[in-house]
Amino acid sequence: MPQDSIQIDPPLALLAELTHRCPLRCPYCSNPLKLERASDELGEAEWIRVLDEAAALGVLQVHFSGGEPMARRDLAALIGAASSRGLYSNLITSGALGGESELRAFAGAGLKHVQLSFQDVVAESADRIAGLAGAHERKIAFAQAVRAIGLPLTVNVVVHRPNLGGIGRMIDFAVALGAQRLEIAHVQYYGWALANRAALLPSRSELDAATEVVEAARERLKGILAIDYVVPDYHAVRPKSCMSGWGRRFLNISPAGKVLPCHAAEVLPGLSFPSVRDANLTDIWYRSDAFNRFRGTAWMAEPCRSCERRTVDWGGCRCQAFLLTGDAARTDPVCALSPDHGLVEDARRKASAAAFRYRRDPATLPTV
Amino acid sequence: MAGTKDRLVVSTTTVLRFAPHIVFRFDDTRRRWIIMAPERLMLPDEQAVEILQLVDGKIEVGGIVDKLAARYTQAAREVIAKDVVAMLQDLADKGCLAAGSSDAAG
C-alpha cells in the first residue's frame, strides 16, 4: 500500500465564529443544527488570547464570522487585536446590523476587507430567502458604506435552485455596488441545507446554464470584478478538496471555543474537539486526536487509498461521507469511484421544487 | 451606487503601488515573502519578490526594468521588460496593484 509521510504545516487561516446569533434565518445556514448559546460564547479577553496563540502558531489571516459577528459589541477591539499581531483581518457579515459608524471603527482598527452576503438581487426574493423583511435594502446601504470608507468589498451570493436563474443579474449587481470580488457559492449540503436539499439542489441543465453565464462574465470583467465560483459537488465526478485537506490549512473556532478542522466537523461522532479554554492552539493543531484523525492518507480505505488523486482531493469531505453513509472514513460519495455514489445520484433524482424550511423553525427540525 | 471602473493596463510608463488592502511582507514562520489579499494568500517566487520589492508608488515600471537590467546584464532589456509587465499585469488583474503614487487616496 502506498503511504505518504505526513508533514504538518502551520495553518494559513483561522475562521473565528464569534457567535451563532444572527437576525437572518437562511434555509441553507452553515451553522450546526444545534446552535451555541450567547451565554456560552468566549469573552473578549479569551478571543484576544486566542489571536495571540494563532499568530504564534503561524496563522496569517483571520476571518471574523458567525452567525452575525456584528452582534458582538467587542468586534472592533478584536479586529484591533488581530491587526496588532500582524494578522490580516476579514469581516464576513450579513450587513443586517450596523453600518457606517461601525465600519469606520473597524477600518480604524485595521480591518482589511469585507465580505457581504446577499440572498438575491431582488428585494422581495432576497428577503424571503433571508426570512427577514427589509434585509436587502439594509445590505445595499451597508455595501455603499463599505465603499464610501474605501474598504474593498466582496459580495457573496449563495445560489441554489430558487435563485440560480438570476445569476447574470447578480453579477451586474456586484459591479454596480463597486465590489472587487464576487463569490458565487452553490449551497453545500450540510446542516440546514442538507435538510432542505430537495428544495435547493439545481438540475444539471440549470447548473450548466449558470456556469456558462459565469464563464462569459469572467472574461468580460477581467480586471474589474474577480468571480469566485463554487459549484455544487453533487454534480461533480470527483470530490472537492475539502478545506484543502483535514488539518492542513485551516482551523475553525466555534463561538464557545471548540477548535474544529472545519465548521461542520462537530457532526462527526467519536471525535472530541478540544476547546481553547482547556488547551493551547499549537498543541491542538499539532497533537490533538481530532486534528490528526484524518490527516494524511493512512486513514483512507479503498478506492481512495490507492488512488492517484489521494493527495489532491484528500478523500473529499469527511462530514459529507459521514452524513451520507454514516461512516466518516469512507470515500466522499460525491466521487464517481465511491461504492456509495448511488446515494448522490439518488439525491439528484429527488431534487424538486419542494418548499424549503427556515433555520430555527422548531416545527420542522430536520432529521436526516 | 458606486460606478464601474476600467481595467488597469500596465505599461512601462505606469507607476504602481500596492492596493490599500494588500499586504506584502516577509513571514517569519515560513521564512518567505507572502502577499495577503482578501481571502487569499499568494506565494510569489523569487523573481516576483525581487520585482515587487521595487514597487513603491514612485518609480515607473520602466525604471524597475532598468534596475533589473543593471543587475542581470546577461538578459536583454526587452526580455526583462516583457516578463516584468506580464507579471505586474497579472497582479493588477488580481486587484493587488493600483496605479498612481502611494500618497493618493485608496
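I took two strands as paired where DSSP finds at least two bridges between them. The model is predicted, and I read everything below with that in mind.

**Entry 1: strand β1 of chain A.** I began with β1(A), residues 13–17. I asked how many of the residues of β1(A) are buried. Five of its five residues are, so the strand is mostly covered, a residue being buried if 20 or more other C-beta atoms lie within 10 Å of its own. I then sorted the side chains by direction. A13(A), L15(A) and E17(A) point one way, L14(A) and A16(A) point the other way, and both sets are buried. I noted that E17(A) is among the buried residues.

**Entry 2: partners of β1(A).** I looked up which strands pair with it. β2(A) runs parallel to β1(A), with five bridges between them. Within that pairing, I found H63(A) of β2(A) as the bridge partner of L15(A). β8(A) is also parallel to β1(A), joined by four bridges. There I found L14(A) opposite L251(A).

**Entry 3: cis peptide bonds.** Before listing exceptions I wrote down the expectation: most residues other than glycine have a negative phi, and most peptide bonds are trans. I recorded a cis bond between G66(A) and G67(A), with omega at about 15 degrees. G67(A) sits in the loop that links β2 (61–65) to α2 (75–84) of chain A. I recorded another cis bond between E302(A) and P303(A), where omega is about 10 degrees. P303(A) belongs to the loop between α11 (289–292) and α12 (318–325) of chain A.

Entry 4: S244(A) has a positive phi, about 60 degrees, and is not a glycine. I located S244(A) in the loop between β7 (226–230) and β8 (250–253) of chain A. W314(A), again not a glycine, has a positive phi near 55 degrees. I placed W314(A) in the loop between α11 and α12 of chain A. Is S244(A) buried or exposed? S244(A) counts as exposed because it has 12 other C-beta atoms within 10 Å, and 12 or fewer is the limit. W314(A) has 26 C-beta neighbours inside 10 Å and therefore counts as buried.

**Entry 5: confidence in chain A.** I noted a mean pLDDT of 92 for chain A, with 95% of its residues at 70 or more. I flagged residues 362–368 of chain A, where the pLDDT is below 50; this stretch has five contacts in the model beyond near neighbours in sequence. Where pLDDT is low, the predicted coordinates should not be read in detail.

**Entry 6: chain B.** I counted three helices and five strands in chain B. From the N terminus the order is β-β-β-β-α-α-α-β. Of the 106 residues in chain B, 20% are buried. Among contacts in chain B with a separation of 6 or more, 64% are between residues 24 or more positions apart.

Notes
Residues numbered from 1 in each chain as written. Chains lettered and ligands numbered in written order. Predicted model: local features only at pLDDT ≥ 70, side-chain atom pairs only at ≥ 80, totals over all residues. Helix = DSSP H or I, 4+ residues; strand = E, 2+ residues; numbered from the N terminus. Contact = placed C-beta atoms within 7 Å. pLDDT = per-residue confidence, 0-100.
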